[in-house]
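A short report is enough.

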Amino acid sequence: MLQSNFRYFMLLLTRAMCDSVKSRDALIALGFDVFIEPMFEVRYLAAEITGLEGYEVVLATSRHGIIGMAQATDNRSIPIVTVGDSSMKHALSLGFQNVKTVSGTAEDLLHYLRTKSYSSKVLYIRGTNISHDLSKMARNFGITVEELILYETIRSTELSPECCYLLSKRKISGVLFYSMETAKIFMNLVEKKYKECLATVAAYTISSRVCDALNTCKWKGVLVSESPTEESLFRLLLK
């Protein structure tokens with residue numbers, strides 16, 4: 001169990017509010033000050049999924065896909081494979097009974113597909129914006145994956161006045177990035193006015209791919225967790 005007895009500095013969380021609240025509470029318990037500045041919000045699309053019995057497995061790279069599917073169908077027996085442990089746990093909490101996780105990245109999910117010989121269709125539930133085109137990646141290996149968009153992400157167009165103040169006054173010491181998408185949006189929003197403020201800020205990410213979106217400015221440091229999980233990211237903060 002992660003533990004900390006000290007109040008370090010203020011961290012900025014960039015995920016959607018519905019995702020960041022739980023992370024904020026965990027970080028506060030570890031002794032951090034936290035400010036939430038969502039780079040996007042999630043809107044679930046009205047949908048009704050029928051014919052799931054025709055698919056051998058459903059792939060999910062986000063907990064939002066799981067939530068969208070739970071809202072769109074009563075089928076809880078369809079096999080699901082998620083990228084991360086968090087999505088798997090959330091699927092189980094929503095009543096899905098047959099859930100596995102690759103505990104890794106989209107590439108690990110693709111590797112899982114390649115090791116299985118599915119005789120029927122594979123369904124990928126996703127949002128409007130994705131960091132990995134899983135269907136295209138699968139086609140390169142002769143695997144056909146159908147897609148179903150269940151939610152959309154609404155990007156932030158500006159930083160809140162509170163966030164601007166914290167950045168300008170050098171109150172933020174670290175920013176957490178869970179995806180390439182949030183990193184790109186954040187960099188676009190700070191580009192004109194607050195780029196230089198990041199020289200005293202450390203970026204913490206769960207993937208080396210996210211670093212590519214952060215290299216347009218000078219950070220105090222860019223650190224990547226050992227594995228793409230929140231627990232690993234929190235361990236990185238405590239080093």
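Which residue in E2 is the bridge partner of Leu11? In E2, Leu11 has Val34 as its bridge partner. The chain crosses from E1 through H1 to E2 in a right-handed β-α-β crossover. A crossover counts as right-handed if, with the strands pointing away from the viewer, the path from the first strand over the helix to the second runs clockwise.

This is a predicted model: local features need pLDDT of at least 70, side-chain atom pairs count only at pLDDT 80 or more, and totals for chains, interfaces and linings use all residues. Residues are numbered from 1 along each chain as its sequence is written, and side-chain values use heavy atoms, with hydrogens and water left out.

**Strand pairing**

Helices (H or I, at least four residues) and strands (E, at least two) are DSSP runs, numbered from the N terminus. Two strands pair if DSSP finds at least two bridges between them.

| Strand | Partner strand | Bridges |
|---|---|---|
| E1 (residues 10-13) | E2 (residues 33-36) | 4 bridges |
| E1 | E9 (residues 172-177) | 4 bridges |
| E4 | E7 (residues 121-127) | 5 bridges |
| E4 | E5 (residues 80-82) | 3 bridges |

Individual partners can be named. Met10 is bridged to Ile172 in E9. Val58 has its partner in E7, and that partner is Leu123.

Of the 6 residues of E4 (residues 55-60), 5 are buried, so the strand is largely enclosed by the rest of the structure. Buried means under 20% relative accessible area, exposed over 50%, and partly exposed in between (1.4 Å probe, protein chains only).

Strand E7 contains Ile125. Ile125 has 1% relative accessibility and therefore counts as buried. Its C-alpha atom is separated by 6.7 Å from that of Leu150, 25 residues apart along the chain.

**The largest pocket**

A pocket is an open set of points on a 1 Å grid over the protein atoms alone, with protein on both sides within 12 Å along at least five of seven lines; a 1.4 Å probe is used, and lining residues have an atom within 4 Å of a point. The largest pocket holds about 1600 Å³ of space, a volume being the space filled by probe spheres set on the points, which are joined across faces, edges and corners.

Its lining has 48 residues, and Arg15, Ser86, Ser87, Tyr178 and Ile206 lie nearest the centre. By class, 17 are nonpolar, 20 polar and 11 charged. Here Ala, Val, Leu, Ile, Met, Phe, Trp, Tyr, Cys and Pro count as nonpolar, Asp, Glu, Lys and Arg as charged, and the others, Gly among them, as polar.

Domain 1 (10-39 + 157-236) and domain 2 (42-154) each give at least three residues to the lining of the largest pocket. The domain bounds come from an automatic or database domain assignment. Elements that supply at least two lining residues each include H1 (17-29), H3 (85-93), H4 (106-115) and strand E8 (145-155).

**Positive phi**

Most residues other than glycine have a negative phi. Ser103 has a positive phi, near 50°. Ser103 sits in the loop between strand E6 (99-101) and H4. At 40% relative accessibility, Ser103 counts as partly exposed.

Arg170 also has a positive phi, near 60°. Arg170 lies in the loop between helix H6 (161-168) and E9. Its relative accessibility is 44%, so Arg170 counts as partly exposed.
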